[in-house]
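Colleague: Could you take a close look at one part of this model for me, the place where the two chains meet? I am new to this, so please walk me through it step by step.

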Amino acid sequence: MHSIPGRRIILSLFLIFLLLPIYWLVNMSFKTNTEIVTTMTLWPHEPTLANYIHIFTDESWYSGYINSLKYVVINTVLSISFALPAAYAFSRYRFLGDKHLFFWLLSNRMAPPAVFALPFFNLYSALNLFDTPWAVALAHCLFNVPLAVWILEGFVSSVPREIDETAFLDGYSFPRFFVKILVPLIASGIGVAAFFCFMFSWVELLLARTLTSVNAKPIAATMTRTVSAAGVDWGLLAAAGVLTIIPGALVIWFVRNYIARGFALGRV
Amino acid sequence: MDKTVNHKAWFLVLPVFLIVAFSAVLPLMTVVNYSIQDTFGNNQFFWNGVGWFKELLDPTTDLGERFFASLWRNLFFSAIILAIEVPLGIVVALSMPREGWRVAACLVIMALPLLIPWNVVGTIWQIFGRPDIGLMGYTLNSIGLDYNYVSNEFDAWATIIVMDVWHWTSLVALLCYAGLKSIPDAYYQAAQIDGASRWAVFTAIQLPKMNRVLLIAVLLRFMDSFMIYTEPFVVTGGGPGNSTTFISIELVKIALGQFDLGKAAALSLVYNLIILIVCWVFYTVMTNAGAERAPEKGVA
């Protein structure tokens, strides 16, 4: 009764459509540049790991990955720890200006990063944070904190109020209740929110590139280096691209059972 | 749900309020400051009042022309991708297998494009579409289509639209799937007893249940396509000509390319205002939809 006619075909076509460009990227990453430019082959005839070896042995390449992971992790931790108490407040209480505040937060999730690129550059330069992972992590809070509040609010609201009341009757103080009871109850929600913070911080480039120059340069910005006077080093570019897909794929695997609910922002 | 009134809850919200205010209000103040001044370099600023805004909103000036051109282009783009991604996402969600390992496999594959950095998405399609080394470009050309996204406007648009469909349809599909999963089996059994057609099940049971998530999907997709920057920038760089220069690309060009701070700031504010209005409309519709559902819950 759920299904529609021809669903297998529709789904297969869609999945193939999703995988084809990725397959092509992976395929190219194992080829030599001569093979890429001169022939059209569906799989590498002279498979090579040279592109990957180049990335893992050249510090300017692999440090890009480390820089990206640094600000992504800082941002995720910051966003979740700020958002948790707020999500509880929005879910349980009515207070002065709550609706306006919630809307204002939501509107920041929607704000175009292009608008903030230049002012952020000025702001973080003035604070001496320019070219550090902290600048990018804080900048990404602009859209990740509201998103985390939004997701967590949905999950907190699914915890029955009676649990709070019982805990307080049992003499739990608020912080103890929060850490010992609420957090374990919405652990999956925290996982999902962390996943989304990770995701949006990992995929964003405009702000990350504007706020870094050398020391904290993210991998995505390093990739532009493959364009040189001699043309584009396609194999290297493809290998770097493949490596940026892997962290995402790993994270998805961990949250696969919650992913659908998470994408509905905990609101189904 | 009845919430208790407790103004002390502000203490719980305060950290979020401060960090977002730091990230949003402070920079916006800088933008407002720039938007009413003119500079001739050397950090000397002169009062310019609403001059930049006048120029921006007057389509006969160079700035106004560029702004309106990129605005319409962007709205057109958003409309196209919504018209493709929403129906396609619903169909895909309805086609999802019911249970077992296949569900997990589908979910993981579908989420994959969402987790790829945006410039890599651009790179993937740049490579995939190239007539010389890309599978898609090569195939299209070898079946006789003269496809080249670098020089042909239509091809550039088609590439960016297909790329966006590739990138984001999964989001709509996953949201709808989450909505569908929340429908109890009893609904379907009742429909079967009543002898409802497949279409009736869709319009009377599935679509209403997906309402809320669809609203979120449309909101997120509209907003994100309205501020799209990285992907088209990597693929076409805004070209050929200006044919794929969307608002964000135009803004970054003016702000970081030409360093015309006043013009960029005025554009930023108008851009932000448009987004705020759209956001407010959606938010009102969403909270109203929630309010209508609440009493129904109370009765049950």
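Modeller: Let's begin with a strand pairing: strand β1 (residues 93-94) of chain A runs parallel to strand β1 (residues 4-5) of chain B, and the two are joined over 2 bridges. If you want to find this spot on your screen, look for A:Y93, whose bridge partner in β1(B) is B:T4. Please keep in mind that this is a predicted model.

Now step back to the whole interface. On the chain B side, 109 residues are in contact with chain A, and on the chain A side 102 residues take part. The size of an interface is often given as the accessible area lost when the parts come together. For chain B and chain A that buried area is about 9600 Å², and carbon and sulfur atoms account for 79% of it.

What about charged pairs across the interface? Between chain B and chain A there is 1 salt bridge. You can find it where the side chains of A:R109 and B:D224 meet, with N to O at 3.5 Å. Polar contacts are also there, with 12 residue pairs counted across the interface of chain B and chain A, both residues at pLDDT 80 or more. On the side of chain B that touches chain A, helix α1 (residues 10-35) of chain B contributes the largest share, with 19 residues. Sorted by residue type, that side of chain B holds 80 nonpolar, 19 polar and 10 charged residues.

In the contact between them, domain 1 of chain A and domain 2 of chain A supply 8 residues each. Together these two domains bury about 610 Å², with 78% of that area on carbon and sulfur atoms. On the domain 1 side, A:L25, A:S29 and A:N33 lose the most area to domain 2 of chain A, and together they make up 60% of what that side buries.

How many salt bridges cross between these domains? The rule finds 0 salt bridges between domain 1 of chain A and domain 2 of chain A. On the side of domain 1 that touches domain 2 of chain A, α1 (7-29) and α2 (33-38) of chain A each supply at least two residues. Of the contributors to that side, α1(A) gives the most, with 5 residues. By type, that side of domain 1 divides into 5 nonpolar, 2 polar and 1 charged.

Finally, here is the salt-bridge total: over all chains the count comes to 7. One of them joins A:R92 and A:D164, whose closest N and O atoms are 2.8 Å apart. A:R92 sits in helix α4 (residues 59-92) of chain A and A:D164 in helix α8 (residues 161-169) of chain A, so this pair ties together parts that are 72 residues apart in sequence.

Methods: Residues are numbered from 1 along each chain as its sequence is written. Chains are lettered from A and ligands numbered from 1 in the order in which they are written. This is a predicted model: local features need pLDDT of at least 70, side-chain atom pairs count only at pLDDT 80 or more; totals for chains, interfaces and linings use all residues. Side-chain values use heavy atoms; hydrogens and water are left out. Contact means heavy atoms within 4.5 Å. Buried area is the accessible area (1.4 Å probe) that two parts lose on being put together, summed over both. A salt bridge is a side-chain nitrogen of Lys or Arg within 4 Å of a carboxyl oxygen of Asp or Glu. A polar contact is a pair of N or O atoms within 3.5 Å; within protein, one must be able to donate a hydrogen and the other to accept it, and residues adjacent in sequence count only if both atoms are side-chain atoms. Helices (H or I, at least four residues) and strands (E, at least two) are DSSP runs, numbered from the N terminus. Ala, Val, Leu, Ile, Met, Phe, Trp, Tyr, Cys and Pro count as nonpolar, Asp, Glu, Lys and Arg as charged, and the others, Gly among them, as polar. Two strands pair if DSSP finds at least two bridges between them.
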